Amino acid sequence: VQLQASGGGLVQAGGSLRLSCAASGLTFSRYAVGWFRQAPRKEREFVAAISRLGAITESADSVKGRFTISRDNAKNSVYLQMNSLKPEDTAVYYCAAKMTPVPTTNNYDYWGQGTQVTVSS
């Protein structure tokens with residue numbers, strides 16, 4: 001199983017980025033997918049998650065109204081659209097998959113490598 005996160009970069013505060021997570025080696029539509037982030041010297045934290053068929057999403061309060069998670073099972077991919085970015089969104093962002101129908105905030109089965117997001121003030 002491989003999860004490949006991409007799309008990170010450097011952006012000014014108020015800007016946007018779209019992260020992608022491409023999965024292989026698993027029956028993607030059986031898995032809920034989540035995004036997490038870890039800033040320097042901080043614990044990893046939940047950002048958003050989406051159910052296996054995309055009907056249900058969940059997100060952290062800190063990103064509600066700014067970040068949107070979506071998926072395309074035909075492309076084995078999940079996306080995180082990040083708008084109105086703030087310096088405190090700076091972190092390494094990871095995607096993860098769990099064999100469960102609904103989004104969840106923990107106990108994921110598989111993790112991808114991270115992609116760096118840096119928001120300058």
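**The aromatic rings in their setting**

Modeller: A compact globule of 121 residues would have a radius of gyration near 14 Å, and the value of 13 Å for this protein agrees with that; the radius is taken over C-alpha atoms, and the globule rule is 2.2 Å times the number of residues to the power 0.38. The model is predicted, so that local features need pLDDT of at least 70 and side-chain atom pairs count only at pLDDT 80 or more, while totals for chains, interfaces and linings use all residues. Residues are numbered from 1 along each chain as its sequence is written, and side-chain values use heavy atoms, with hydrogens and water left out.

The protein has 11 strands and 0 helices; these are DSSP runs numbered from the N terminus, with strands (E) of at least two residues and helices (H or I) of at least four. The C-alpha trace spans about 40 × 25 × 25 Å along its principal axes. Of the 121 residues, 43% are buried, where buried means under 20% relative accessible area, exposed over 50%, and partly exposed in between (1.4 Å probe, protein chains only).

Within this fold there are 5 aromatic pairs. Rings of Phe, Tyr and Trp (its six-membered ring) pair if their centres lie within 6.5 Å; planes under 30 degrees apart count as stacked, over 60 as edge-to-face and the rest as tilted. One of the pairs joins phenylalanine 36 to tyrosine 108 edge-to-face, at 5.3 Å centre to centre and 80 degrees between the planes. Phenylalanine 36 belongs to strand S4 (residues 32-38) and tyrosine 108 to the loop between strand S9 (91-98) and strand S10 (110-111), so this pair ties together parts that are 72 residues apart in sequence.

Tryptophan 111 is partly exposed, at 32% relative accessibility. Ring pairs join Phe36, Tyr108 and Trp111 with Phe46 into a cluster.

The charged end of arginine 44 sits over the ring of phenylalanine 36, 6.0 Å from its centre, and arginine 18 lies over the face of tyrosine 79, at 4.0 Å from the ring centre. The criterion is NZ of Lys or CZ of Arg within 6 Å of the ring centre and within 35 degrees of the ring normal.
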